[in-house]
Amino acid sequence: MNDTAVGFALLGIGMLFVLGLVFVVSSRAGRAPRGPVTPPAGVHLPPPSLLPPLMPVAGILLFAGLAFRPEDQFANFFILVPGLLLFVAGIVGWVRAANREWTDTERGSHHDAPGH
Amino acid sequence: MSVDAPTSQTADMGPRLEAARPQDNRGLSIPLVGMLLFIASEMMFFGGLFAAYFNARASTPGEWGPPPGAEELSPVPLAAILTVILIASSFTMQFGVWAIRRGDQGKLRMWVGVTLLLGILFLSGQLYDYSQLGFGIGDGIFGTTFYTLTGFHGAHVFGGAVGMTILFARASSGQFSARNHVAVEAISMYWHFVDVVWVALFSIIYFLK
């Protein structure tokens with residue numbers, strides 16, 4: 001197996017790892033009530049978050065790591081690895097934030113805050 | 001007329017929009033509108049990539065294709081198999097949507113699981129194809145446009161697989177019902193869109209010589 005194949009195999013393993021992580025985090029959200037879920041009153045918006053700008057930064061690092069590489073290597077790992085870590089942290093953080101919002105909505109903590 | 005009053009038009013919308021509407025019956029739900037807007041922006045994004053591909057091709061003199069030394073791109077067998085897999089996954093996703101519209105949580109879980117597996121199979125096949133092509137993203141204008149187009153599409157399939165994983169986890173927790181499954185509808189829209197983009201990509205790259 002050449003270096004290119006190893007690189008793509010690692011990418012595939014990384015993807016599976018992220019999917020597994022997403023599954024574990026999503027599964028911990030718990031069981032929803034049996035009845036229909038009543039949406040909270042007013043307009044429900046997620047709280048301010050740094051995660052949306054974090055993801056494109058991670059994307060830039062990932063692609064920069066692939067583009068600006070030494071001749072003899074698959075990627076510039078000094079750029080690629082931080083990008084990958086940021087990407088994973090961003091996804092995990094985002095899913096956790098979504099789960100928190102889901103739980104808060106179920107508990108009705110925003111019902112008294114129209115426009116939140 | 002009160003905004004809450006049902007009309008003959010809303011009564012005829014069928015179970016799909018019935019589930020997609022918030023319970024106060026004031027139109028399409030915000031998540032679905034958000035997904036439609038997101039897909040619209042994605043269409044423009046891929047439109048730009050296709051334009052770049054055609055522009056590069058039109059302005060490149062001589063033969064258009066992989067760099068010298070690499071094999072010609074062939075739609076068979078791997079690319080064709082991947083296309084069949086992705087198209088099949090659109091059907092399985094839709095079976096899942098129809099199942100939850102009937103309130104069948106077990107079938108939803110099964111079809112979403114199958115769709116997720118097909119998505120992972122597609123991504124695995126694409127990565128294997130990349131490793132066998134014999135040219136890279138830096139090997140000429142064809143290599144750059146080929147990897148950019150197919151790579152961004154692959155990233156979108158991965159995004160869909162993430163969404164599908166969340167759906168699968170939530171479906172396993174019994175979080176969807178016939179009246180409450182807007183996330184299933186939204187992710188299925190995205191998945192069909194990604195499928196359509198691949199069909200266009202496959203046709204242009206492999207058949208439009």
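User: Over which residues of chain B does pLDDT stay under 50?
Analyst: This is a predicted model, and its mean pLDDT for chain B is 85, with 87% of the residues at 70 or more. Where pLDDT is low, the predicted coordinates should not be read in detail. The stretch in question has seven contacts beyond four places in sequence in the model. pLDDT stays under 50 over residues 1-14 of chain B.

User: Which element of chain B has the highest mean pLDDT?
Analyst: Chain B has seven helices and zero strands, and from the N terminus its elements run α-α-α-α-α-α-α. Helix H1 (residues 8-11) of chain B has the lowest mean pLDDT, 43. The highest mean, 94, belongs to helix H4 (residues 78-101) of chain B.

User: Is H4(B) roughly parallel or roughly antiparallel to H7(B)?
Analyst: The axes of H4(B) and helix H7 (residues 182-207) of chain B come within 10 Å and cross at roughly 160 degrees. An angle over 145 degrees counts as roughly antiparallel. Therefore H4(B) and H7(B) are roughly antiparallel.

User: How many charged residues are in the contact of H4(B) with H7(B)?
Analyst: H4(B) passes H7(B) in a left-handed crossing. The residues making the contact include B:Leu86, B:Ile87 and B:Met93 of H4(B), and B:Glu185, B:Trp191, B:Asp195 and B:Trp198 of H7(B). Eleven of the contact residues are nonpolar and six are polar. The number of charged residues is two.

User: What separates the C-alpha atoms of B:Glu71 and B:Val114?
Analyst: Along the chain, B:Glu71 and B:Val114 are 43 residues apart.

User: What percentage of the residues of chain A count as buried?
Analyst: Chain A has three helices and zero strands, in the pattern α-α-α along the sequence. Among its contacts with a separation of 6 or more, 70% are between residues 24 or more positions apart. In chain B, 30% of the 209 residues count as buried. For chain A, with 116 residues, the value is 17%.

User: Are H1(A) and H5(B) roughly parallel or roughly antiparallel to each other?
Analyst: Helix H1 (residues 3-27) of chain A packs with helix H5 (residues 105-132) of chain B, their axes 8 Å apart. The angle is about 165 degrees, and angles over 145 count as roughly antiparallel. H1(A) and H5(B) are therefore roughly antiparallel.

User: How many residues in the contact of H1(A) with H5(B) are nonpolar?
Analyst: The crossing of these two helices, H1(A) and H5(B), is right-handed. A:Phe8, A:Leu11 and A:Met15 are among the residues of H1(A) that take part, and B:Leu123, B:Leu127 and B:Tyr130 are among those of H5(B). Four of the contact residues are polar and none is charged. The number of nonpolar residues is seven.

User: What ipTM does the predictor give the complex?
Analyst: The predictor gives two scores here, and the pTM is 0.73. The ipTM is 0.74.

Conventions:
Residues are numbered from 1 along each chain as its sequence is written. Chains are lettered from A and ligands numbered from 1 in the order in which they are written. This is a predicted model: local features need pLDDT of at least 70, side-chain atom pairs count only at pLDDT 80 or more; totals for chains, interfaces and linings use all residues. Axes are lines fitted to C-alpha atoms, for helices over the stretch in contact, and angles run from 0 to 180 degrees between N-to-C directions. Helices (H or I, at least four residues) and strands (E, at least two) are DSSP runs, numbered from the N terminus. Angles under 35 degrees count as roughly parallel, over 145 as roughly antiparallel, 65 to 115 as roughly perpendicular and the rest as oblique. A crossing is left-handed if the near helix is turned anticlockwise from the far one by less than a right angle, and right-handed if clockwise. Two residues are in contact if their C-beta atoms, placed from the backbone, lie within 7 Å. Ala, Val, Leu, Ile, Met, Phe, Trp, Tyr, Cys and Pro count as nonpolar, Asp, Glu, Lys and Arg as charged, and the others, Gly among them, as polar. A residue is buried if 20 or more other C-beta atoms lie within 10 Å of its own, exposed if 12 or fewer, and partly exposed in between; C-beta atoms are placed from the backbone. pLDDT is the predictor's confidence in each residue, from 0 to 100.
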